[in-house]
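The structure comes first, and the description follows.

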Amino acid sequence: MPFREKIAWLSLVALGVAYIPYFVVVASGAYDHAPAPNFPLLTLLAGVSILRLAILGGGWLVLRARAPEDARMKPDERDVAISRRAMASGYYVLTAAMILVGGIMPFTEGVWRIVNAAIFTLVVAEAVVHAVTAVGYRRQA
Amino acid sequence: MSAPMLRGALSNRIRALRFANGEMSQGDLGQRIGVTRQTIAAIEAGKYSPSLEAAFRIAHVFGVSLGEVFQWDATGG
C-alpha cells in the first residue's frame, strides 16, 4: 500500500476517533445555549483536536519507521493527480455546506449551533478529501 | 452531428521489458523515471495511464520507441 494511501486512512481514522464523539456530545444540545465564551465547549474542542493531532503524529511516525524510503519519496504524477481530484471533491463539499451554514443557518439557528455546523462542515470536507484519496489509490493500485 | 468518441484501451509491455532488461525491479524503474514503485505497478496493471513525459521516459530507459512500450487497442474499452 502506498505511503500516501496509508496517511489518508490514518487521517480518516484520526478524524473519526476525535470528532465523532465530539459531534455526538454536541448533538445532544448540552452546549447550545451557553453564553460566550463557551469554555466547556472550547475545552472539548481543544481536547479532541489535540487527540487528533496525537493520533496523526504517532501514526505518521510509525508508518514512516516501517517504510522510510516510501516516506521520503516526493509525490509523483499519480500522487498529484489523486490529490488534485480529492481536493476538488472536498472543495465542492465545503462550498455547498458553507452556503448552508453561512447563508441559511443564521436565520434559523443559535450561535453555537452555527459554530459547530461550521466545524462539522470542515471535518466532513476533510474526510471527503482523505476518503477520495484512499479510494483513488485503491482504484489505481 | 459530431463523430462519436473513439473507444479503446491502453496496454503496455513494461513487465516483459523489465524482465528482458536484467529483471529490472519496479522500484528501479520507478527511481529512474521519477515515480514510486506503486505507480509503476499501477501502470503495468493498466490502472493508471502515465503522462506523455513519463511514458517517453519509460521507453527511453528500455531503449525502445514509445509504441513498443504502449499499445492502443481501438476495439477494447
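## Burial of the ring residues

A:F23 counts as buried, at 14% relative accessibility, where buried means under 20% relative accessible area, exposed means over 50% and partly exposed lies in between, with a 1.4 Å probe and protein chains only. A:Y19 is likewise buried, with a relative accessible area of 8%, whereas A:F120 is partly exposed at 43%.

The model is predicted, so that local features need pLDDT of at least 70 and side-chain atom pairs count only at pLDDT 80 or more, while totals for chains, interfaces and linings use all residues. Side-chain values use heavy atoms, without hydrogens and water, residues are numbered from 1 along each chain as its sequence is written, and chains are lettered from A and ligands numbered from 1 in the order in which they are written.

## Aromatic pairs

Over all chains, the structure holds five aromatic pairs, a pair being rings of Phe, Tyr and Trp (its six-membered ring) with centres within 6.5 Å, counted as stacked for planes under 30 degrees apart, edge-to-face over 60 and tilted for the rest. One of them is the tilted pair of A:Y19 and A:F23, with 6.3 Å centre to centre and 35° between the planes.

A:F23 also forms an edge-to-face pair with A:F120, at 5.1 Å centre to centre and 85° between the planes. A:Y19, A:Y22, A:F23 and A:F120 form one aromatic cluster.
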